[in-house]
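Here is a short briefing to read with the structure open beside you. Take it one topic at a time and look up each part as you go.

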Amino acid sequence: MELTVGPNHFFWSSEDWSALYDGLASAPVDRVILGELVCSKRLPFYQDAILPAIETLIAAGKEVALTSLSLITLKRELKASMALAEVGVDVEINDLTALSHLPEGAKFSVGPLVNVYNEGTLGWLAKRGATRICLPPELPLASVAALCAAGAEAGIAIEVWGHGRIPLAISGRCYHARLHGRMKDNCLFACEDDPDGLQVDTSDGQPFLSMNGVQTLSDSCASMAHHVEALRDVGVSALRLSPQSVGFVDTCSLYRQRLNDEIDGDTLADELRRVSNGMRLSDGFLTGARGADWSGKAA
Amino acid sequence: MEIVCPAGTPAALRAAVKAGAHTIYCGFADETNARNFPGLNFSREEMAEGIAFAHGHGSKVLIAINTFPRAGSESLWHAAVSDAETAGADAVILADIGLLAYAANNHPNLRRHLSVQAAAANADVINFYGSEFGVKRVVLPRVLSVPEIAAINKDTDIETEVFVFGGLCVMAEGRCSLSSYATGLSPNMNGVCSPASHVEYLEEDGHLSARLGGYTIHSVGKDEPAPYPTLCKGCFGAGDKTGHLFEDPVSLNAEQLIPQLAKAGVTALKIEGRQRSRSYVAQVVKNFRAAVDAVDAGRPLPEGMLARLSEGQAVTTGAYKKTWR
């Protein structure tokens, strides 16, 4: 199996953003997706750093793709979507709008925020030129297996959500702005101080979700630490690792060791917690009763 | 403008028709529709009878087949599309790309509407659904303001339908797995959100807590009204703040915006609530029918008719006003 690094979901300074990709150039990953997935207002802050990052990664032998936004409503968002194909690297669509903007017959990748739940959808995307699909994180193993079989027939590589806080919802409303008593149009970038999202607890203090502007993620960090063999068996091509602000290059190396059978699932889970300062883990969407469940040992 | 009204049961369908609904939408009693609640929805026979009744009274019936088919089990959804055509449905409401392609190829004469679950939020993608799958109408996601809806209608010939009353999704529809994160069951896969099967109420220290999948969604004094624990309308804490961080426990009422929605080029107004009683449905339909008749005739809106139905519950106009964001 390969390792893909998904786009950064959070609002980082341009320096931190570039540092991530400089670090990934020497990390043991095969593919890197970059660009803005969550909020078009963030893009101007690091837009000029994208091309240099792409060059750095390509020079380091990585495959590179650019993501679309996951919810496209405004004129400037449509323009940004139309401009994606002009960059000359693979485009990962995370909203069908981006597919409508690609030249007819162009090859493309499909991100986890496009609803690919079944063989019919996979087949239609394959006919339109899709070559890779990262499945929605909420799919159970049985669906992953069926879609891998369909992908093998259609020539589509299947990727699953391997590591990172899970993108659970996207909204027209900015929750960070709302928390600060502002509106989205006048948000003053309320999300910039939370490089991994802002923890949302239940009223009795249980960590539950993570707020990231218009996006809501899980508090827990999904990890396929215990499912590498099962995913390999059903034909998954790659694990997707989602960037976090602490210990991310180490995290990539740890997954590589796991894929190489150098460490087991328990060791990986322990190490992931160590390098991230105690992240809570989950893998319930794949095999549990609910998404938040964790099949491994408690921390 | 056309009023599109929910019916969870044959009785509600008849009540809506009699109350003046131009169009009724409903679903089969299985996981193919996004209101897959116990005791709700239509058998194949009930659907055929309901459609015959509606057609006899000049109303149309749309069938929602708007969950995302499960890999390995698509035949269940394919059968629903086929049975919808056999039953005489005026259109099917679909969200899944694969199912849209299937319907367009195998049932080309069955009119296709795009479900809100597809969250098609701009004219380019709406036109794409039109050219790829022959979609004739799109139900717009609840993330758009009225001026944005007007702009979309300028750039597409595909009809638009918008929600005006009832439950309010805060997240882009069809793009939300909060419910399955907490309970294992989601709108996309199972047709349910924050399902009652996973709700428990606990009384502690004079407080009544409502939990969903083990997560406390809100807690109230034991004599206060306890709203249903819908996940996105819960009370949470973040940083030094506590409250309804995503949305207050409100429902949508855009009645006052009907004239603006008409001006924005909207074809149909949709009422949420297939889980509601037939008397509720009849009341809401009567009120909205009177309102659109007034607007179509150039008269002012009848006054405050829906206040009674929303009694005890706060209402919002949601994303239709830009300040909501």
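Two strands pair if DSSP finds at least two bridges between them. Helices (H or I, at least four residues) and strands (E, at least two) are DSSP runs, numbered from the N terminus. With that in hand, B:Ser209 stands opposite B:Ser219 in β10(B).

This is a predicted model, in which local features need pLDDT of at least 70 and side-chain atom pairs count only at pLDDT 80 or more, while totals for chains, interfaces and linings use all residues. Residues are numbered from 1 along each chain as its sequence is written, and chains are lettered from A and ligands numbered from 1 in the order in which they are written.

**A three-stranded sheet in chain B**

- The strands β8, β9 and β10 of chain B form an open sheet in the order β8-β9-β10, with antiparallel pairing.
- β8 (199-204) and β10 (215-221) of chain B are the edge strands, each pairing on one side only.
- From one strand to the next, the twist averages 25°; angles here run from 0 to 180 degrees between N-to-C directions, and axes are lines fitted to C-alpha atoms, for helices over the stretch in contact.
- β8(B) and β9(B) are antiparallel partners joined by six bridges, and B:Leu202 stands opposite B:Ser209 in β9(B).
- B:Leu212 has B:Tyr215 in β10(B) as its bridge partner.
- The hairpin of β9(B) and β10(B) has two residues between the strands, and B:Gly213 there takes a positive phi near 55°.

**Where the two chains meet**

- The contact draws 50 residues from chain A and 54 residues from chain B; two residues are in contact if their C-beta atoms, placed from the backbone, lie within 7 Å.
- Several elements of chain A each supply at least two residues of the side that touches chain B, including α5 (119-128), α6 (141-154), β7 (157-170) and β8 (198-202).
- By class, this side of chain A has 23 nonpolar, 19 polar and eight charged residues.
- For these classes, Ala, Val, Leu, Ile, Met, Phe, Trp, Tyr, Cys and Pro count as nonpolar, Asp, Glu, Lys and Arg as charged, and the others, Gly among them, as polar.
- Strand pairing also links the chains: β8(A) and β11 (residues 236-238) of chain B pair in the antiparallel sense over three bridges.
- Within that pairing, A:Val200 has B:Ala238 in β11(B) as its bridge partner.

**Two helices side by side in chain A**

- The axes of α5(A) and α6(A) come within 10 Å and cross at roughly 25°.
- α5(A) and α6(A) are therefore roughly parallel to each other (angles under 35 degrees count as roughly parallel, over 145 as roughly antiparallel, 65 to 115 as roughly perpendicular and the rest as oblique).
- Among the residues that meet are A:Leu122 and A:Ala126 in α5(A), and A:Ala150 and A:Ala154 in α6(A).
- By class, the contact of α5(A) with α6(A) has six nonpolar, two polar and one charged residues.
- α5(A) is mostly covered, with seven of its ten residues buried (20 or more other C-beta atoms within 10 Å of a residue's own make it buried, 12 or fewer exposed, and in between partly exposed, with C-beta atoms placed from the backbone).
- The buried residues of α5(A) pack against β5 (108-110), β6 (130-134) and α6 of chain A together with α3 (74-87) and α4 (97-106) of chain B.
- Just after α5(A), A:Gly129 takes a positive phi of about 120°.

**Loop residues to look up**

- Most residues other than glycine have a negative phi, and most peptide bonds are trans.
- A:Asp261 has a positive phi of about 60° although it is not a glycine, and its place is in the loop between α9 (248-259) and α10 (265-275) of chain A.
- Buried or exposed, which is A:Asp261? A:Asp261 is exposed, with 9 other C-beta atoms within 10 Å.
- B:Ser194, not a glycine either, has a positive phi of about 45° and lies in the loop between α8 (187-190) and β8 of chain B.
- B:Ser194 counts as buried because it has 22 C-beta neighbours inside 10 Å.
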